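Here are a few exercises to work through with the model open beside you. Try each task before you read its solution.

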Amino acid sequence: MSTSSSGFSQGFTGRRGRDPRLPPGQYDVGGSFPVLTAEATPNVSTATWSFRVDGEVTAPRTWTWDDVHALPGSSYEGDIHCVTTWSKLGTSFTGVSLDALLEQVEVLPSATHVLAWSSSGYTTNLPLADVTGGKAWLVWEHEGKPLSTEHGGPVRMLVPHLYFWKSTKWVAGLRLLDHDEPGFWERNGYHDRGEPWAEQRYAGD
């Protein structure tokens, strides 16, 4: 895993003290956006990119780049938090809500969890409730610019209320399951859910 960061503060805002947007143990990275990855960076073009949803659904489907752009757009404006203790406050991403895609595949009542995978082979697991109800997106822009390859472009998943390893880079699909199935970091000692305000960093937290 590699990381780069600069221009950060420790989350203090003058006489007001610590920024209330920072979960416990986090610092404000400021204008930078650290790069962390557990795998080799793939080179995925928009011409070949696709996203598939299958598993516990009535109508499995695959979307192309043009397909997802034909769906109603949606944006997120707020904060993101990495398990390595940095937070980026007041940032923005643009793409499409995962709700819009899940509506088209008709999720079965048996579905309780999802397993997201990337074109690099990376996986992460989430409760279905954490990616529905306006909580998760597929995004291809960050602060008005195309999402860079190093940050998961052309498309990454965004689940901002959980630690950022749950926001799969270079995302290629989502499998709905009737059980929990740990992903890459979850099999290697990270917390199953990863909620920043509860400091769910590692198994047992």
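**Exercise 1. Count the positive and negative side chains of the protein chain and find how far apart the centres of the two sets lie.**

Solution. Start with the counting rule: Lys and Arg are positive, Asp and Glu negative, while His and the chain ends are not counted. That gives 16 positive and 24 negative side chains. Next, place each charge at NZ of Lys, CZ of Arg, CG of Asp or CD of Glu. The centres of the two sets then lie 7 Å apart.

A note on the source: this is a predicted model, where local features need pLDDT of at least 70 and side-chain atom pairs count only at pLDDT 80 or more, while totals for chains, interfaces and linings use all residues. Residues are numbered from 1 along each chain as its sequence is written, and side-chain values use heavy atoms, with hydrogens and water left out.

**Exercise 2. Work out the order of the elements along the protein chain.**

Solution. Take helices as DSSP runs of H or I with at least four residues and strands as E runs of at least two, numbered from the N terminus. The protein chain then has three helices and eleven strands. Read from the N terminus, their order is β-β-β-α-β-β-α-β-β-β-β-β-β-α.

**Exercise 3. Identify the residues that touch the most other members of the largest nonpolar core, and the elements that supply this core.**

Solution. Collect buried Ala, Val, Leu, Ile, Met, Phe, Trp, Tyr and Cys residues joined through side-chain atoms within 4.5 Å; buried means under 20% relative accessible area, exposed over 50%, and partly exposed in between, with a 1.4 Å probe and protein chains only. The largest core has 29 residues, and F51, V53, L138, M157 and L174 touch the most other members. At least two residues each come from strand 2 (50-55), helix 2 (98-105), strand 6 (113-118), strand 8 (137-142) and strand 11 (171-177). Helix 2 gives the largest share, five residues. A second, separate core of 14 residues includes V29, F33, C82 and L147.

**Exercise 4. Is P146 buried or exposed, and which residues does P146 contact beyond four places in sequence?**

Solution. First locate P146: this residue lies in strand 9 (residues 145-146). Its relative accessibility is 70%, so P146 counts as exposed. Now look for contacts, meaning heavy atoms within 4.5 Å. Leaving aside neighbours within four places, P146 is in contact with W140 and E141. Finally, check T94, 52 residues away along the chain: its C-alpha atom and that of P146 are separated by 9.2 Å.
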